[in-house]
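Let's walk through a structure together, one feature at a time. Have the viewer open and follow along.

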Amino acid sequence: MSQVLGKPQPEDEDDDEEDELVGLADYGDGPDSSDADPDSGAEEGVLDFSDPFSTEVKPRILLMGLRRSGKSSIQKVVFHKMSPNETLFLESTNKICREDVSNSSFVNFQIWDFPGQIDFFDPTFDYEMIFRGTGALIFVIDSQDDYMEALARLHLTVTRAYKVNTDINFEVFIHKVDGLSDDHKIETQRDIHQRANDDLADAGLEKIHLSFYLTSIYDHSIFEAFSKVVQKLIPQLPTLENLLNIFISNSGIEKAFLFDVVSKIYIATDSTPVDMQTYELCCDMIDVVIDISCIYGLKEDGAGTPYDKESTAIIKLNNTTVLYLKEVTKFLALVCFVREESFERKGKNFSKWNYSDPRAGAY
């Protein structure tokens with residue numbers, strides 16, 4: 001008997017807390033930021049940049065950009081399930097904050113949220129130690145604001161980071177594009193892309209590669225962009241993609257994704273192109289199944305967990321397409337697209353779905 005997917009419970013509730021980092025100065029505008037004791041409130045085990053083992057713990061993803069560009073909102077929406085409208089009430093970040101993301105063996109990294117007013121020339125800011133242990137640097141640019149200052153800061157940030165670590169993946173999020181027309185989005189992306197690469201060429205750094213993404217917290221574009229950033233930090237990605245290619249070629253499936261169900265980041269997919277509508281359907285399916293499972297996924301006595309090795313879900317769309325979800329590990333799920341005729345022909349190989357089970361539901 002199949003079950004619907006349940007929302008996994010985090011093993012460590014401290015992941016939601018923002019830790020003040022030891023050994024670094026605050027870069028805040030508030031009255032308390034400059035007088036803060038750097039050792040106060042620090043949890044035991046929090047690594048500072050001077051720790052020789054800090055670069056060996058997890059890959060780092062740095063979130064950088066000017067103030068009010070949307071860095072903290074991105075982190076809250078993607079990793080904390082915060083509603084985009086709630087982010088309007090977030091205070092501006094005034095100190096460097098770290099968060100451990102350990103949803104699975106693949107989604108296992110640290111996110112460092114940097115205040116926009118950080119000064120690379122401040123002697124208390126050891127940028128060499130920071131960039132040395134970084135896997136990806138995400139620079140967020142507010143597309144609805146004058147981005148000339150942001151481009152100048154992007155150039156300074158990238159050149160400083162590249163001198164320390166040539167293996168960093170540089171990602172540029174052209175953010176808040178929900179307020180732009182489609183033509184304006186394309187024009188803005190083209191202009192930012194051209195100016196940023198021209199600045200690097202003028203500095204003799206043509207070898208630096210910048211990846212650009214149009215993002216917004218009000219749609220799934222931010223999740224898709226973060227998916228592609230995280231995939232670059234997964235050394236097993238080629239193997240996973242190859243396995244998914246073999247899987248769809250031998251099963252009649254048209255498209256397959258390996259999803260982290262907590263963040264809705266897809267770890268890998270097959271080699272066929274990904275379009276936004278397909279990705280949105282996968283995300284919506286995960287949301288629907290999680291909501292249903294929280295009601296019907298547990299036993300009558302409340303025992304057990306709603307998400308286990310038997311967790312499965314099927315949604316039939318009105319365009320002869322079937323969405324199929326199957327649990328892989330505690331935090332991973334396989335989401336597939338298959339034509340209805342193929343599903344009916346090979347349905348027994350996909351699932352032991354029991355349509356008489358009242359918890360199953362016919363979608």
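**Reading a buried strand and its neighbours**

A: Let's start with strand 8: 6 of its 6 residues are buried, so the strand is largely enclosed by the rest of the structure. Here buried means under 20% relative accessible area, exposed over 50%, and partly exposed in between (1.4 Å probe, protein chains only). Helices (H or I, at least four residues) and strands (E, at least two) are DSSP runs, numbered from the N terminus.

Q: Before we go on, what kind of model is this?
A: This is a predicted model, where local features need pLDDT of at least 70 and side-chain atom pairs count only at pLDDT 80 or more, while totals for chains, interfaces and linings use all residues. Residues are numbered from 1 along each chain as its sequence is written, and side-chain values use heavy atoms, with hydrogens and water left out.

Q: Which residues of strand 8 sit on one side and which on the other?
A: In a regular strand the side chains alternate between the two faces of the sheet. In strand 8, Lys255, Phe257 and Phe259 are on one side, Ala256, Leu258 and Asp260 are on the other, and all are buried, which leaves both faces covered.

Q: What is the strand order of the sheet?
A: Strands of a sheet pair through backbone hydrogen bonds, either parallel or antiparallel. This open sheet has 5 strands in the order 9-8-12-11-10, with antiparallel pairing. At the edges are strand 9 and strand 10 (312-316), each pairing on one side only. Neighbouring strands of the sheet are turned by 25° against each other on average, direction ignored. Two strands count as paired if DSSP finds at least two bridges between them. For the angles, axes are lines fitted to C-alpha atoms, for helices over the stretch in contact, and values run from 0 to 180 degrees between N-to-C directions.

Q: How many bridges join strand 8 to strand 12?
A: There are 6 bridges, and the two strands run antiparallel. Strand 8 and strand 9 are also antiparallel, over 4 bridges. Phenylalanine 257 has threonine 269 as its bridge partner in strand 9.

Q: Which residue takes a positive phi in the hairpin of strand 8 and strand 9?
A: Most residues other than glycine have a negative phi, and most peptide bonds are trans. In this hairpin, with 4 residues between the strands, lysine 264 has a positive phi near 65°. Lysine 81 is another case, with phi near 60°; look for lysine 81 in the loop between helix 1 (71-80) and strand 3 (97-102). Lysine 81 is partly exposed, at a relative accessible area of 38%. Then there's lysine 176, with a positive phi of about 65°, in the loop between strand 6 (169-175) and helix 4 (182-202).

Q: Which residues of helix 6 are buried?
A: An α-helix has 3.6 residues a turn, so residues three or four places apart point the same way. In helix 6, the buried set is Leu237, Leu240, Leu244 and Ile248. Seen down the helix axis, these buried residues fall within an arc of 65°, so they line one face of helix 6. That arc is taken from the directions from the helix axis to the C-beta atoms. The face turned away from the buried side carries the exposed residues Pro238 and Ser249.

Q: What do the buried residues of helix 6 pack against?
A: They pack against helix 5 (221-231), strand 8 (255-260), strand 9 (265-269) and strand 12 (332-339). Contact here means heavy atoms within 4.5 Å. Helix 6 lies across strand 8, strand 9 and strand 12, and runs at about 70° to strand 9.

Q: Where is aspartate 270, and what does aspartate 270 touch?
A: Aspartate 270 is in the loop between strand 9 and helix 7 (276-296). At 4% relative accessibility, aspartate 270 counts as buried. Not counting residues up to four places away in sequence, aspartate 270 touches Leu244, Asn245, Ile248, Lys255 and Ala256.
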